[in-house]
Amino acid sequence: MSQINIAIFGIGNVGSTLIKQIAEYNKKTTSNTLNVFAIANSKLVLFENNATGGWSANFETKSTSYTLEDVYAFAKANSYKNLLAVDVTASSEFVTNYIDLVEHGFHIVTANKIANTLTYDFYQELRDILEVNQKKFLYETNVGAGLPIIETIKNLYESGEEIHKIRGVFSGSLSYLFNTFSEEEKSFSEILKEADALGLTEPDAREDLSGKDVARKLLILGREVGLTKEFKDVKIQSLVPAALNGKTTLSQFRESVKTLDPFFAESKSKLGSGEVLRHVGELNLKTSKLEVKLVQESKTTALGQTKGADAIFEIYTKSYGDQPLVIQGAGAGKAVTARGVLGDILKIATSLN
Ligand SMILES: NC(=O)c1ccc[n+]([C@@H]2O[C@H](COP(=O)([O-])OP(=O)(O)OC[C@H]3O[C@@H](n4cnc5c(N)ncnc54)[C@H](OP(=O)(O)O)[C@@H]3O)[C@@H](O)[C@H]2O)c1
């Protein structure tokens, strides 16, 4: 494999785990294939050849404020070829750098969903610029974290398979909430509090309950199979009551969380025997409809049988017939996400041979 020279942007949960995994990978292979030369957060960067070993202490003492021009200059001064930028930020602004990075010779791997969910014009412009500059852009972890969803769907689509529907529980936190609520005799607000204490929901659970994150993932899959949809085209059933939406503070939401209970108790009371509640994303290729909603699901289906905080994706195609291709497993978490990012990095490194 050719050496690939990597700048990592973001050193939070996923970024710091990724750096650790790259260090372990390099130790195992001794080939120095993955040379991390820049490690950055929003304000500071550490420039160092093979920076992963002891990076955290070095970041404390040696990091400096930076712009992307400094990153380009360091790469140039070291005559690095095969450049790769890894976006493991949670930033909506960082994606505005992608085109500049590509024009400065960088391939891009990202765990950040923003670039793929901005306007379709930007989505297409980025791909056009990647093509002109012969650069790669991989983002397997945008949907289902480390699960091989995007690659599978891309392979099916590009090989000409007729995809009819993609349906699933896309969010680990919403999976946990409804798997537990369907089975246990507890109120929804109690389960929500437990999920918060376990660190399964976002600090503000309304981000999960709004359905927007699932909608972003659905849009990414839709665009992967040729739809030119925008975020506004996704029909989202928000589970946040209008009175507790963005205009109320997080503490007001937490104080009033019991007001969510009647709606969910009623939804549960409507379940037939052998049914459970599931929060699903559904992409229907026949109607071009993208929907995020709460559904009554039979316990006998793969979706009805999910446990814990698992994500699950059912892919219905012509060849698979009535029995969908199913991919299931942890759909979030820093270790599986970082592993998925590393997988994308290695795919690019291999392709450069
Ligand atoms: N955690 C998961 O299970 C999971 C699964 C799939 C995808 N993802 C995605 O992975 C990404 C990272 O998630 P995380 O949980 O690691 O987030 P996090 O812990 O909040 O870390 C975010 C990191 O990004 C840095 N950052 C923010 N803006 C930046 C900028 N403009 N330039 C450079 N660095 C910047 C932050 O630095 P500062 O401290 O300076 O702000 C911080 O180091 C997110 O996009 C998330 O959606 C996460």
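Which residue forms a salt bridge with lysine 347, and how far apart are the closest N and O atoms? The partner is glutamate 151, and the closest N and O atoms are 3.6 Å apart. The structure is a predicted model, in which local features need pLDDT of at least 70 and side-chain atom pairs count only at pLDDT 80 or more, whereas totals for chains, interfaces and linings use all residues. Residues are numbered from 1 along each chain as its sequence is written, and side-chain values use heavy atoms, with hydrogens and water left out.

**Figure 1. The two domains of the protein.** Domain 1 comprises 4-145 + 335-351 and domain 2 comprises 149-331, with bounds that come from an automatic or database domain assignment. Their C-alpha centres lie 30 Å apart. To the contact (heavy atoms within 4.5 Å), domain 1 contributes 15 residues and domain 2 contributes 20 residues.

**Figure 2. Buried area between the domains.** About 1600 Å² is buried between domain 1 and domain 2, with 62% of it on carbon and sulfur atoms. Buried area here is the accessible area (1.4 Å probe) that two parts lose on being put together, summed over both. On the side of domain 1, the residues that lose the most area to domain 2 are Thr117, Tyr120 and Val143, together 37% of what that side buries.

Figure 3. A salt bridge requires a side-chain nitrogen of Lys or Arg within 4 Å of a carboxyl oxygen of Asp or Glu. By this rule the model holds 20 salt bridges. Lysine 347 lies in helix H13 and glutamate 151 in helix H6 (residues 149-158), so this pair ties together parts that are 196 residues apart in sequence. Helices are DSSP runs (H or I, at least four residues), numbered from the N terminus. Between domain 1 and domain 2 there are two salt bridges and eight residue pairs in polar contact, both residues at pLDDT 80 or more. A polar contact is a pair of N or O atoms within 3.5 Å; within protein, one must be able to donate a hydrogen and the other to accept it, and residues adjacent in sequence count only if both atoms are side-chain atoms.

**Figure 4. Surroundings of the ligand.** The ligand is surrounded by 20 residues, each with a heavy atom within 4 Å of it; the closest are Ile11, Val14, Ser42, Thr89 and Gly333. A nitrogen atom of the ligand is 3.4 Å from a backbone N or O atom of asparagine 41.

Methods. Helix = DSSP H or I, 4+ residues; strand = E, 2+ residues; numbered from the N terminus.
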